[in-house]
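Here is a short report for a reader new to this structure. Take a look at the model first.

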Amino acid sequence: MKLHEMTTTEGSTKRRKRVGRGDSSGMGKTCCRGEKGQKSRSGAKIRPFFEGGQIPLFRRLPKRGFKNADRVEYHLINLNVLDTNFAAGDVVDADALRAKGLLGKEELLLKVLANGEITKALTVKAAKFSAAAAAKIEAAGGKAEVIG
């Protein structure tokens with residue numbers, strides 16, 4: 001098959017709608033827009049979810065709760081994850097976790113939690129540790145270093 005022999009599949013292409021080309025075309029006079037109203041005018045743009053001046057849905061619904069603008073979010077990592085993915089003597093920080101695919105791409109601070117046991121001496125660098133996690137790391141012969 002050559003380029004000049006190629007054809008489109010039957011029914012895959014449609015002719016464009018040519019409006020305003022006479023009444024006999026069926027798309028003359030008002031050009032398929034109807035008679036009156038905002039959408040029949042030229043340059044009419046109505047933003048998404050506009051309800052014609054009625055109070056919009058997002059304003060009708062009650063607002064609840066409080067969002068703290070100063071909230072700090074953390075990536076949470078458990079000790080059992082560190083124990084299974086790192087060898088004894090390794091330095092564990094956000095970059096090392098990201099290299100192993102254990103953290104997402106978001107640049108959040110790291111917090112270590114005490115879920116599971118740790119049997120290896122690791123140097124763990126994080127923004128926060130739970131008290132139990134720091135105690136378990138040091139009991140295994142490692143170091144829990146607070147950074148940032």
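## Basis

This is a predicted model: local features need pLDDT of at least 70, side-chain atom pairs count only at pLDDT 80 or more, and totals for chains, interfaces and linings use all residues. Residues are numbered from 1 along each chain as its sequence is written, and side-chain values use heavy atoms, without hydrogens and water.

## Salt bridges

The whole structure holds four salt bridges (a side-chain nitrogen of Lys or Arg within 4 Å of a carboxyl oxygen of Asp or Glu). One of them joins Lys136 and Glu117, with the closest N and O atoms 3.4 Å apart. Lys136 lies in helix α4 (residues 131-139) and Glu117 in the loop between β3 (109-113) and β4, so the pair ties together parts that are 19 residues apart in sequence. Helices (H or I, at least four residues) and strands (E, at least two) are DSSP runs, numbered from the N terminus.

Arg60 and Glu51 also pair, at 2.5 Å from N to O. Glu35 bridges to Lys29, with 3.8 Å between the closest N and O atoms.

## Exposed and buried

Buried means under 20% relative accessible area, exposed over 50%, and partly exposed in between (1.4 Å probe, protein chains only). Glu117 is exposed at 55%. Lys136 is partly exposed at 25%.

Thr123 sits in strand β4 (residues 123-126). At 19% relative accessibility, Thr123 counts as buried. Leaving aside neighbours within four places in sequence, Thr123 is in contact (heavy atoms within 4.5 Å) with Asp90, Val91, Val92, Lys143 and Glu145.
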